[in-house]
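User: I am new to protein structures. Can you show me how to read one, feature by feature?

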Amino acid sequence: MEYRIEVEDLNVYFDELHILKDINLKIPKNAVTSLIGPSGCGKSTFIRTLNRMNDMISTFKMDGTVLLDGEDIYNPKVDVVELRKKVGMVFQKPNPFPKSIFDNVAYGLRVHGINDKDFLAQKVEESLKEAALWDEVKNILDKSAMGLSGGQQQRLCIARTIAVEPEVILMDEPCSALDPISTTKIEDLIHKLKKDFTIIIVTHNMQQATRVSKHTAFFLHGEIVESGLTEKIFIEPEDKRTEDYITGRFG
Amino acid sequence: MPKWDEEFFIEKGLLLTAVSSIIIIALIILFVFKEGIPAIESTGFFSFLFGMDWAPTKGEYGIFPMIIGTLGITVLSLLMAVPLGVFCAIFLAEIAPSAMRKVLNPTIQTLAGIPSVVYGFFGLVLLVPFMRLQFGGTGFSMFTASVILTVMILPIIVSVSEDAFRSIPLEYKEASLALGATHWQTIKNVIFPAAIPGVITSVILGMGRAIGETLAIIMVAGNVVQIPSSIFDPVRALTSNIAIEMGYATGIHYNALFATGIVLIFMIIVLLVIANYLHYKKKVTMGGGYL
């Protein structure tokens, strides 16, 4: 199997707090990997380590290696801007910019220096179509993104992310603020996107993990208890704690 | 039948204090109008506002040169203070490490607490001779007054704009960075546009302070009633006019000073209305609006 991301002996600290402990995980290429586990177990911190969003936090410290296509993303020579172009992120709360729908999708391209109008228009249309939002917004592209529903906003955020053509998309509980119908749409979208992108999704919803992902890793107290094929983890977990968690005995 | 208990007295007491502060302001404004309107009536509305000559001994009361003086000083000082203040606010909100902010913020706040007479004295002793050497003339000028005012309004602009930058949700910043934007691109394309209403509010508050400032301006502006032909000419502001002549004015002259006050009150009210409107608009844009 081909891996896009390989994490080796990763430890993360905020000040003295040891958040992630000896994490080893390989993320397969062009597939969906779910990260499950109770609140505060370090899932979000983990995916924010993969696009170096934790760099924003002054108390952040880490050791170990995170390889993207074989290259260490924490190497001092790495350009963080380039890295984030390759590793996109969709957040828990839909967070479109208070700009028009068009400008939201074009934002990433523009900051990377693309200003050709025809190209932008074509790329915005493609991205919105890929995010299954085009039909709903094609006549209101110049209207504010803040006027869309929560589910539409989240699909807009996905469109915005795929417009810059990343290799990996990190999703931090992308459906937790959405209703069931919007959630279904996002899940359908994830199925469609996995052909072209490597997707890592943090979720609290165990059914969601079984529905969307091929691989799953179970986090507990900053450690990975078990990881592997989703079917195996949910049907015959090796660790007692995994079994307790997925059967709803805690968490 | 009301109950005469503690609750009743506290509620009525609070109502009384609220009402009395409103009544005090209303009475002052009423008094200013009562004393000022006779001058406008006898001079005529247009010849008062747009008259070029202020000669109380000849019975001429035209305040146009002083309106120009006030606006000139205000605009010049804003031209200097707004870029300085807004960039300083961006630096404090986005870039400065917290240790530096802990030093810079109180320093800037201290600038706001220095009495205006101290600024004026500083300007008189240091700035006026400096201007005389550099640009000729007496050194008392519209420009000198603007420089002093710039320092005086800077704290308002910095602190209100900084709040505006800080109030932009972290999610916008994260979204922009996650798309591969640099920190500066994020500031320029997301944080600054979203903070514009707050920045404009800060500018208007600074403008209000500039229009109302009296003492420091009297000490360095030269106070000549004329339309300046350059920024290095002396000018008189509306506020200065009242303060300089109130000691000896009688009759219509006395009324004309109050009428000058009416003009100032109107200028400030207009600014406050704009500031409040923008504040309201900011809330609307954050909720469901559009930049």
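This is a predicted model: local features need pLDDT of at least 70, side-chain atom pairs count only at pLDDT 80 or more; totals for chains, interfaces and linings use all residues.

User: How do I read a sheet?

Analyst: Strands of a sheet pair through backbone hydrogen bonds, either parallel or antiparallel. Here, chain A has an open sheet of four strands. The order is β2-β1-β4-β5, with antiparallel pairing.

User: Which strands stand at the edges?

Analyst: β2 (17–28) and β5 (71–72) of chain A. Each has a single partner strand, so one side of each has no neighbour in the sheet.

User: How many bridges join β1 to β4 in chain A?

Analyst: Eight bridges join β1 (residues 3–14) to β4 (residues 60–68), and the two strands run antiparallel. Take A:V12 as a case: its bridge partner in β4(A) is A:M62.

User: What is the secondary structure of chain B?

Analyst: Chain B has eleven helices and two strands. Along the sequence, the pattern is α-α-β-β-α-α-α-α-α-α-α-α-α.

User: What does chain B span along its principal axes?

Analyst: The C-alpha trace of chain B spans about 75 × 70 × 35 Å. Of the 291 residues in chain B, 40% are buried. Now take the contacts in chain B between residues at least 6 apart in sequence: 72% of them join residues at least 24 apart.

Methods:
Residues are numbered from 1 along each chain as its sequence is written. Chains are lettered from A and ligands numbered from 1 in the order in which they are written. A residue is buried if 20 or more other C-beta atoms lie within 10 Å of its own, exposed if 12 or fewer, and partly exposed in between; C-beta atoms are placed from the backbone. Two residues are in contact if their C-beta atoms, placed from the backbone, lie within 7 Å. Two strands pair if DSSP finds at least two bridges between them.
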